[in-house]
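Subject: Structure handover

Hello,

Here is the structure I said I would pass on.

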Amino acid sequence: MLPAMPPTADPRPLKVGIQLPEVEREVRWPEYVAMARLAEDVGFDSLWLGDHLLYRSPDRGARGPWEVWTMLAAIAASTSRIALGPLVACTSFHNPAMLAKMAATVDEVSGGRLVLGLGAGWNETEYRAFGFPFDRRISRFEEAFTIIRSLLRDGHVDFAGEFYEARDCELLPRPPRAGGPPLLIGSNGERMLSIALPHVDAWNSWYRDIGNRPAGVPALRERVDAACRAVGREPAEIERTVAVLVQLPGGTGRDHGETANEPAPVGGSAGDIAEHLRGFADEGIGEVQLVVDPITATSIEALAPVLEHLAQH
């Protein structure tokens with residue numbers, strides 16, 4: 001049986017996670033760990049970090065986040081309850097057998113709290129700057145995904161492909177959970193879904209893909225559900241998750257990555273935000289990952305009443 005996603009901590013209709021800062025501003029470790037512990041204390045279900053290396057834009061120049069796996073390991077050692085993971089790990093940035101090794105290690109450090117989000121990447125700037133091939137990313141992902149999931153689930157793989165090899169490779173010690181951490185696919189592309197859906201525990205879509213609104217979910221849900229059936233999976237076996245952009249007082253707009261066609265953020269009172277999130281639950285979404293503008297300790301504290309509202313029937 002596939003490992004279950006981490007359970008909701010209270011009667012909320014869906015799990016609520018939060019993404020920690022990426023390149024909105026420069027953040028040092030003491031602030032990261034303080035925000036992670038605060039998110040755990042106020043009742044968030046999960047913490048997420050993007051896996052990126054470098055952004056460049058005409059107006060703000062070059063910006064880069066900290067390396068995601070080092071940061072996840074440090075946060076795992078500094079928290080005790082909250083689930084955590086990359087949203088999502090780019091399989092192009094590491095040898096896939098090593099990525100499986102890193103994931104197993106973070107799962108051990110966290111006591112079995114890692115959710116392993118995986119994707120093929122998109123930002124050509126960082127590929128070129130760090131020397132990773134940008135061509136045929138989905139074909140490369142397919143081979144990497146085979147190695148990663150086989151090592152985490154079975155502990156062994158013997159694979160020789162066009163892009164990667166892992167000959168008679170064993171993953172030892174084994175992760176703390178039988179079958180390894182839950183796998184999440186961070187894509188809704190047709191080919192990526194056909195590769196991942198036979199094996200993953202959850203899928204995730206970014207807020208742009210649904211217009212940041214529950215009304216944008218049905219068309220996406222129906223398409224992914226059809227893709228599930230096409231590969232022999234029941235849609236109910238795979239948790240549906242989406243990122244949601246939330247703007248709080250002091251927010252000035254989320255300025256990094258792809259900014260074209262940015263939808264309107266969710267805002268208003270705690271009750272307003274909670275009702276908006278409840279709408280995602282009504283559309284079959286099992287978890288939302290909040291992308292908050294601004295992302296600060298003050299914002300995390302301000303979202304605590306949202307979690308309280310969601311717990312009320």
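Strands (E, at least two residues) and helices (H or I, at least four) are DSSP runs, numbered from the N terminus, and two strands pair if DSSP finds at least two bridges between them. The model is predicted, so local features need pLDDT of at least 70 and side-chain atom pairs count only at pLDDT 80 or more, while totals for chains, interfaces and linings use all residues. Residues are numbered from 1 along each chain as its sequence is written, and side-chain values use heavy atoms, with hydrogens and water left out.

The sheet is open and has nine strands in parallel pairing, ordered β5-β2-β1-β13-β12-β11-β10-β7-β6. Strands β11 (residues 202-205) and β12 (residues 239-247) run parallel and are joined by four bridges. N204 stands opposite T241 in β12.

Helix α8 (residues 270-282) packs on this sheet, touching β12 and β13 (287-293); contact means heavy atoms within 4.5 Å. Buried residues (under 20% relative accessible area, 1.4 Å probe, protein chains only) in α8 include I273, L277 and F280. Among the elements covering the buried residues of α8 are α7 (217-230) and α10 (304-311). After α8 comes G284, with a positive phi near 90 degrees.

The whole structure has zero disulfides, a disulfide being a pair of cysteine sulfur atoms within 2.5 Å. For C90, the nearest cysteine sulfur is that of C169, 20 Å away. C90 is buried at 5% relative accessible area, and C228 is buried at 1%.

Regards

Methods: Axes are lines fitted to C-alpha atoms, for helices over the stretch in contact, and angles run from 0 to 180 degrees between N-to-C directions. Buried means under 20% relative accessible area, exposed over 50%, partly exposed in between (1.4 Å probe, protein chains only).
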